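Please find below a colleague's note on the structure shown here. It is written as numbered points.

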Amino acid sequence: MHTKFEFEYELFDDINGLSISDQHLLEKAKEATKSAYAPYSNFYVGAAALLSNDQIVIGSNQESASFPVGICAERTLLNSVGSQFPTLSIKTMAISYQPLGKDSNEPISPCGMCRQSLLDYEHRYGSPIKIILSGMSGNVMVLKSASNLLPFGFDGTILK
Ligand code: THU
């Protein structure tokens, strides 16, 4: 038997295709790149989460002199939300980036570890996280759920 995994996502030419609320969140993610600590890669990533109480929390990548110790913007943000607002779920997360001296006009997509953490968070609260991906300008991708980014992911259900 052959089966197929596929998912739909939205693709806009620019930020103006988004709702006002999503535009605002993406602008916050762009701003958050300014708080990144990325002296080793010079790749500044920002993320912003809209919580279930409509509060916005931001995160950015924080690198380490011992390179593998550094943490991505998405997991900085998830860990911050999980510890500061443990009762609130995340409705939407926007992610953007600014590399030093280079263009930022195409979306980037979360790394594998961040995909796992996003899936963990969706399962923890039993609600999907809408994902908005964009550079500082240009195309914007919108996914209905972070789980789309990690087909056949390990969600821990078997541990219970
Ligand atoms: N990075 C993120 O923060 N998020 C991503 O989605 C991709 C990569 C960070 C990790 C590292 O600090 C820098 O970008 C270069 O990989």
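This is a predicted model: local features need pLDDT of at least 70, side-chain atom pairs count only at pLDDT 80 or more; totals for chains, interfaces and linings use all residues.

1. Residues are numbered from 1 along each chain as its sequence is written, and side-chain values use heavy atoms, leaving out hydrogens and water.

2. The structure holds 3 salt bridges (a side-chain nitrogen of Lys or Arg within 4 Å of a carboxyl oxygen of Asp or Glu). One of them joins aspartate 22 to lysine 130, with the closest N and O atoms 2.7 Å apart. This pair links distant parts of the chain, helix 1 and strand 5, 108 residues apart. Helices (H or I, at least four residues) and strands (E, at least two) are DSSP runs, numbered from the N terminus.

3. Aspartate 22 is buried, at 7% relative accessible area, whereas lysine 130 is partly exposed, at 26%. Buried means under 20% relative accessible area, exposed over 50%, and partly exposed in between (1.4 Å probe, protein chains only).

4. Glutamate 27 forms a salt bridge with lysine 30, the closest N and O atoms being 3.7 Å apart. Both residues lie in helix 1, about one turn of the helix apart.

5. Which residues does glutamate 122 touch? Leaving aside residues up to four places away in sequence, its contacts (heavy atoms within 4.5 Å) include Ser127, Pro128 and Ile129. Glutamate 122 belongs to helix 3.
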